[in-house]
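Visitor: I have a model open and would like to learn how to read it. Where do we start?

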Amino acid sequence: MNESFLEGLQKITEQCFVQENMSSHTTFRTGGPAEYYVRPKRTQVAEIVSLCRKYNIPWLVIGNGSNLLVGDRGIRGLVMELGREAAEVTAEGNTITAEAGALLSAVARVAADHALTGMEFASGIPGTIGGAVVMNAGAYGGEMKQIVRKVTVLTPEGQEKELTLEELELGYRHSCIPQNDYIVLDTELELKPGDSEKIQEQMAKLRSQRSKKQPLEYASAGSTFKRPQGYFAGKLIQDAGLRGYRVGDAQISEKHCGFVINRGSATAAEISELIRQVQDKVEADSGVRLETEVRFLGDF
Ligand SMILES: Cc1cc2nc3c(=O)[nH]c(=O)nc-3n(C[C@H](O)[C@H](O)[C@H](O)COP(=O)(O)OP(=O)(O)OC[C@H]3O[C@@H](n4cnc5c(N)ncnc54)[C@H](O)[C@@H]3O)c2cc1C
């Protein structure tokens, strides 16, 4: 451990931890420790990046950890959680501005309170708005691309920069953020005037559909695989005879074959082995190679 680096971090934020177990910060509820873990306010992010650069410590950013599989051997360097400490949301006219750490459910609540329609699809996705922009999260025919107007990012050199919708290059579960090592700081959404009661009803309806169809009673990272063009991942997995298939405590959900679930004490190694076997078996069965939607972080 680098004591001077740690002292520097502690001067910036009290929300600073060492050897922090990532199973507490991911919805898969597994993964080894992060060497350094911070949960900064928006205003502290640039200073932390500059400290990392000074001490040559690698950094990465997470939101709510709902699309991540962290290796059992953990993450070297610093993990920065843009979560509840950077979660301010404001609404003006048809525009909502949210700091990266605001949960989609919280932003959706503000939209409904201000009778703004357009983000009903996202109210049940358990991520932050920052993570949702990075992933171009989507559901029920909606996606972030339809509502994002612009995003403020921090570049790896520590400069703030505004990206327009076009510059974000949002596609299916894709944006330009990871390849440029940008950190999402704020997101501006453009919504439309609607009826508050109808918006709330639609959000409640979609949340109820989720709990009927998805294994929300288990830890997971949502859909494990991307949807291959012309197919559904869950159907291909089911057709390959893999419903309920297990490696240790990692399992293909019986309720929804597109979800790998952690039945309790699955290691990241078990989950990644299950994913690999599913990819191989589905390919042998259908000729389609499934790609993961879940992001792998750290050492396996
Ligand atoms: C039960 C369940 C249901 C789900 N349903 C859906 C669904 O319907 N549709 C859907 O699209 N997804 C779904 N997901 C997946 C997940 O919720 C989304 O991908 C979500 O957008 C991830 O947000 P997050 O804050 O958790 O990001 P994380 O998982 O923490 O991170 C995801 C990626 O974004 C990066 N990142 C996060 N925040 C930032 C930031 N501020 N700046 C730069 N990079 C950042 C991370 O490095 C990582 O590469 C589901 C997950 C679960 C567990």
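**Reading the model, feature by feature**

Guide: Start with the ligand shell: α4 gives the most to the shell around the ligand, with 5 residues. Helices (H or I, at least four residues) and strands (E, at least two) are DSSP runs, numbered from the N terminus. This is a predicted model: local features need pLDDT of at least 70, side-chain atom pairs count only at pLDDT 80 or more, and totals for chains, interfaces and linings use all residues. Residues are numbered from 1 along each chain as its sequence is written.

Visitor: How many residues surround the ligand, and which are the closest?

Guide: A residue is near a molecule or strand if its C-beta atom, placed from the backbone, lies within 6 Å of it. Here 34 residues surround the ligand, and the closest are G63, G127, G130, G131 and G222. Elements giving two or more residues to this shell include β3 (59-62), α4 (129-135) and β15 (219-223).

Visitor: What is the shell around the ligand made of, by class?

Guide: Ala, Val, Leu, Ile, Met, Phe, Trp, Tyr, Cys and Pro count as nonpolar, Asp, Glu, Lys and Arg as charged, and the others, Gly among them, as polar. The shell has 19 nonpolar, 14 polar and 1 charged residues.

Visitor: Now sheets. What is the order of the strands in the open sheet of 4 strands?

Guide: Strands of a sheet pair through backbone hydrogen bonds, either parallel or antiparallel. Two strands count as paired if DSSP finds at least two bridges between them. In this sheet the order is β1-β2-β5-β3, with mixed pairing. β1 (16-21) and β3 stand at the edges with a single partner strand each, so one side of each has no neighbour in the sheet. Inside, β2 (residues 33-38) and β5 (residues 75-81) run parallel, joined by 4 bridges. Y37 has V79 in β5 as its bridge partner.

Visitor: Which strands form the open sheet of 5 strands?

Guide: The order is β6-β7-β13-β11-β12, and the pairing is antiparallel. β6 and β12 (160-164) are the edge strands, each pairing on one side only. β6 and β7 form a hairpin with 2 residues between them. In that turn, G93 has a positive phi of about 60 degrees. E92 has T95 in β7 as its bridge partner. T95 also stands opposite E190 in β13. Further along, β11 (residues 148-154) pairs with β12 over 5 bridges, and V153 stands opposite K161.

Visitor: Is I271 buried or exposed?

Guide: A residue is buried if 20 or more other C-beta atoms lie within 10 Å of its own, exposed if 12 or fewer, and partly exposed in between; C-beta atoms are placed from the backbone. I271 lies in helix α9. I271 is buried, because 29 other C-beta atoms lie within 10 Å. The buried residues of α9 also include L274, I275 and V278.

Visitor: What is I271 in contact with, leaving aside its neighbours within four places in sequence?

Guide: Contact means C-beta atoms, placed from the backbone, within 7 Å. For I271 the partners are F28, T30, L69, A250, V260, N262 and A266. I271 and G71 are 200 residues apart in sequence, yet 9.8 Å apart in space, C-alpha to C-alpha.

Terms used
Contact = placed C-beta atoms within 7 Å.
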